[in-house]
Amino acid sequence: MSSQPLLSVRDLQTQFVSDGRVIKAVDGVSFDVRPGEILGIVGESGSGKSVTALSVMGLIPWPPGRVVGGSIMFEGEDLRAKTQAQMRRVRGAGIAMVFQEPRTAMNPVFRIGEQMTEVIMLHRKMSRAEASGEARSMLDRVHIAEPGRVMSAYPFELSGGMLQRVMIAMELALRPRLLIADEPTTALDVTIQAQILRLIRELHDEFDLTVLFITHDLGVIAQLCDRVMVMYAGAVVELSPVDALFHSPAHPYTRKLLAAVPSVVDTRNTLRSIAGDVPDLADLPPGCRFYDRCDLRQPECRLAIPDLRKVGEDHTARCVLPNAISP
Amino acid sequence: MLPYILRRLIHLIPVMIGVTLCSFLLLKLAPGDPAEVLAGIEANPEVIEAIRRKHGLDQPLPVQYFYYLGNLMLGDFGKSISTGLDVGPMMWRALIVTLKLSALGLVLALVVGIVIGAVAAVRQNSFFDSTSMLFALFGAAMPNFWLGLLLMWTLSVTFPIFPAGGGTDLYSLILPAITLGTGAMALIARMTRASMLEVIRQDYIRTAYANGLSPPIVIIRHALKNAMIPISTVIGLQFGYLLGGSVATEIVFAVPGVGQLLVDGILARDYPVVQSTMLMVAIIFVLVNLITDISYAYFDPRIRLK
């Protein structure tokens with residue numbers, strides 16, 4: 001992995017202001033997305049996954065939120081230094097994004113075909129007829145049976161699974177170098193979810209697409225991703241290849257997260273959860289953010305946030321004693 | 001779409017019958033005898049009786065009603081009791097003036113209201129937002145006749161830019177149209193703002209931005225069409241209110257419209273004029289509602305296709 005990262009985020013800080021309190025939704029997040037890989041971001045609600053993605057897109061709504069620090073380098077250019085007009089050329093064509101709820105992510109008063117051709121014409125400098133043809137062939141590519149009928153349909157006439165395919169087709173028609181998928185299967189049925197994941201995998205292979213895949217579902221990570229980044233309370237706690245994460249999780253939080261996945265084999269156990277609460281993002285403790293919920297906490301954990309330490313090949317964790325943990 | 005419109009038109013028939021019945025009965029129930037009014041205070045009973053017979057006022061109520069209905073079917077609105085002229089042509093002349101005035105008022109209200117509302121929503125909590133909404137509050141609370149008098153005083157008396165009234169040409173109708181449209185404008189501005197604020201928070205707006213579309217395209221094309229759905233119903237209702245509410249404005253500016261005709265008719269107890277005018281206003285109100293529903297279906301495909 002010597003090639004230049006496609007996306008390189010360093011020390012990203014995104015904050016929201018609410019009732020005069022500053023909420024550090026993303027606090028010092030750094031990661032690289034390498035060309036051609038599928039990087040997963042996993043974490044519970046409020047861990048900063050989506051805020052990280054929206055920060056990269058420059059779509060944090062001000063007020064109340066704003067990116068206050070760090071750098072976001074995409075193809076060697078700093079996105080934070082770009083003007084709004086320059087960012088509009090990156091959005092869609094450079095980095096495309098697929099959202100969680102396909103039913104609300106498409107405009108209810110325009111036909112599918114209109115919505116697709118509009119953005120294809122914009123980014124690929126095509127005529128309306130060419131863009132329409134491109135939309136049709138992309139719909140065909142995501143296994144939509146009757147592209148013509150779907151093009152003239154309104155979003156409410158299609159199922160959630162169909163719409164998510166349409167969204168993916170619309171974004172890939174723009175030929176982005178990076179696709180950010182923010183929980184694209186969370187709102188769908190399990191069977192549809194599997195189809196969408198297979199589709200993303202397939203398109204990743206075919207278009208040599210780089211994907212940043214956000215989910216709270218470790219099962220999805222295991223099926224789809226090459227590497228995974230675990231987030232907790234606005235920070236990265238572990239970054240590793242997928243196999244290593246499942247076989248030798250280094251951070252206590254990751255281990256508890258893995259233990260909380262219900263097992264099909266052992267059905268006698270009740271559902272397990274992680275005791276305690278996520279710290280208040282407006283009033284973070286000085287030390288490790290997982291301190292209150294950690295079984296292995298040390299006195300020093302309370303004093304300062306541990307650094308990300310190397311625990312294996314291409315594997316880092318933000319814990320003072322990763323080596324003390326037996327897998 | 002066409003079967004939908006036809007079905008709505010058929011629904012109009014019972015409504016129309018109800019309207020004719022109501023307008024007929026309301027006036028019969030009102031105190032006062034038109035024959036006495038016509039004959040004058042000192043007329044003897046024979047003269048009054050003769051007038052009654054001449055206008056069919058001596059017949060039983062149901063007979064009078066069916067007589068009236070039958071004439072309506074033939075396009076005969078009757079003759080004015082006070083002037084003896086055919087009501088039909090009088091009414092059309094007045095209607096055209098009122099429609100012109102109301103349409104001008106509505107266009108003014110729509111254009112200004114939607115622009116102000118949309119800008120206020122996009123710049124929420126800005127200086128423009130708070131001042132425009134304060135003015136909208138004043139506009140909605142200001143009675144027509146008072147606003148009309150203020151406008152007349154400033155723009156035709158102090159600074160004689162516009163005529164003080166009496167005309168029916170476009171230029172003379174500007175002040176009356178502003179007077180009439182201000183209330184609707186204020187309401188449309190506030191509704192557009194609220195509706196836009198709701199819409200610009202939606203996921204599909206974020207998608208539009210994430211696809212690199214520019215703010216003007218996102219706001220005007222993607223947001224406004226969605227925001228117009230709730231506004232389109234209000235527009236229809238407002239047009240109805242403008243038609244009905246033009247009475248005070250027409251009297252302030254001496255515009256010879258339906259409102260003026262109606263008030264004159266009521267004062268003279270001129271049954272045919274009042275009945276026909278009420279009927280026409282009701283018909284227009286119902287038609288406007290129909291057009292509103294159709295425009296609703298245009299803005300929202302979910303209604304059209306169900």
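A:Glu146 is partly exposed, at 46% relative accessible area. That is my starting point today. One caution before going on: this is a predicted model.

What does A:Glu146 pair with? A salt bridge links A:Glu146 to A:Arg149, and the closest N and O atoms are 3.3 Å apart. A:Arg149 is partly exposed too, with a relative accessible area of 44%. Now a network. A:Arg124, A:Glu134 and A:Arg175 are joined by salt bridges that share partners.

How many salt bridges are there over all chains? A search of the whole structure gives 16.

First, A:Arg289 and A:Asp27. Their side chains meet in a salt bridge, at 2.5 Å from N to O. A:Asp27 sits in strand β2 of chain A, residues 21-33, and A:Arg289 in the loop between α11 (252-259) and β11, so the pair ties together parts 262 residues apart in sequence. Are these two residues buried or exposed? A:Arg289 has a relative accessible area of 11%, under the 20% cut-off, so A:Arg289 is buried. A:Asp27 has 17%, and therefore counts as buried as well.

Next, A:Arg141 and A:Glu206. Here the N to O distance is 2.1 Å. This pair links distant parts of the chain, 65 residues apart: A:Arg141 belongs to helix α5 of chain A, and A:Glu206 to helix α8, residues 190-207. A:Arg141 is buried, with a relative accessible area of 19%. A:Glu206 is partly exposed, at 45%.

On to the sheet in chain A. Eight strands make an open sheet with mixed pairing, and their order is β6-β7-β8-β3-β9-β10-β12-β11. Which strands sit at the edges? They are β6 (95-98) and β11 (309-312), each pairing on one side only. From one strand to the next, the twist averages 25 degrees. Helix α7 of chain A, residues 160-172, packs on this sheet. Helix α7 touches β6 and β7 (178-182), and its direction makes about 175 degrees with that of β6.

Strands β11 and β12 (residues 315-317) of chain A run antiparallel, joined by three bridges. Within β12, A:Thr316 is the bridge partner of A:Lys310.

A:Gly43 is in the loop between β3 (38-42) and α1 (49-57) of chain A. Why does A:Gly43 count as buried? Its relative accessibility is 3%, and buried means under 20%. Setting aside residues up to four places away in sequence, A:Gly43 touches A:Lys49, A:Thr215, A:His216 and A:Met231. A:Ala53 is ten residues along the chain from A:Gly43, and their C-alpha atoms are separated by 13 Å.

Now helix α4 of chain A, residues 112-124. Check the span. The buried residues of α4 include A:Ile112, A:Met116, A:Glu118, A:Val119 and A:His123. What covers them? From chain A, the cover includes α2 (84-90), α5 (128-141), α6 (147-151) and α7. From chain B, it includes α10 (215-252). Just after α4, A:Lys125 takes a positive phi of about 50 degrees.

That brings in the contact between the chains. Chain A gives 29 residues to the contact, and chain B gives 22. Together they bury about 2,200 Å², of which 61% is on carbon and sulfur atoms. How many salt bridges run between chain B and chain A? The count is one. The side chains of A:Glu118 and B:Arg221 meet in a salt bridge, 2.9 Å from N to O. A:Glu118 is also one of the buried residues of α4.

Last, chain B as a whole. Chain B has 13 helices and zero strands. Its C-alpha atoms fill a box of roughly 85 × 55 × 30 Å along the principal axes. Chain B has 306 residues, and 44% of them count as buried. Among its contacts with a separation of 6 or more, 72% come from residues 24 or more positions apart.

Terms used. Residues numbered from 1 in each chain as written. Chains lettered and ligands numbered in written order. Predicted model: local features only at pLDDT ≥ 70, side-chain atom pairs only at ≥ 80, totals over all residues. Heavy atoms only, no water. Pairing = 2+ DSSP bridges. Helix = DSSP H or I, 4+ residues; strand = E, 2+ residues; numbered from the N terminus. Axes fitted to C-alpha atoms, helices over the stretch in contact; angles between N-to-C directions. Contact = heavy atoms within 4.5 Å. Buried < 20%, exposed > 50% of the residue type's maximum accessible area, 1.4 Å probe, protein only. Buried area = accessible area lost by both parts, 1.4 Å probe. Salt bridge = Lys/Arg side-chain N within 4 Å of Asp/Glu carboxyl O.
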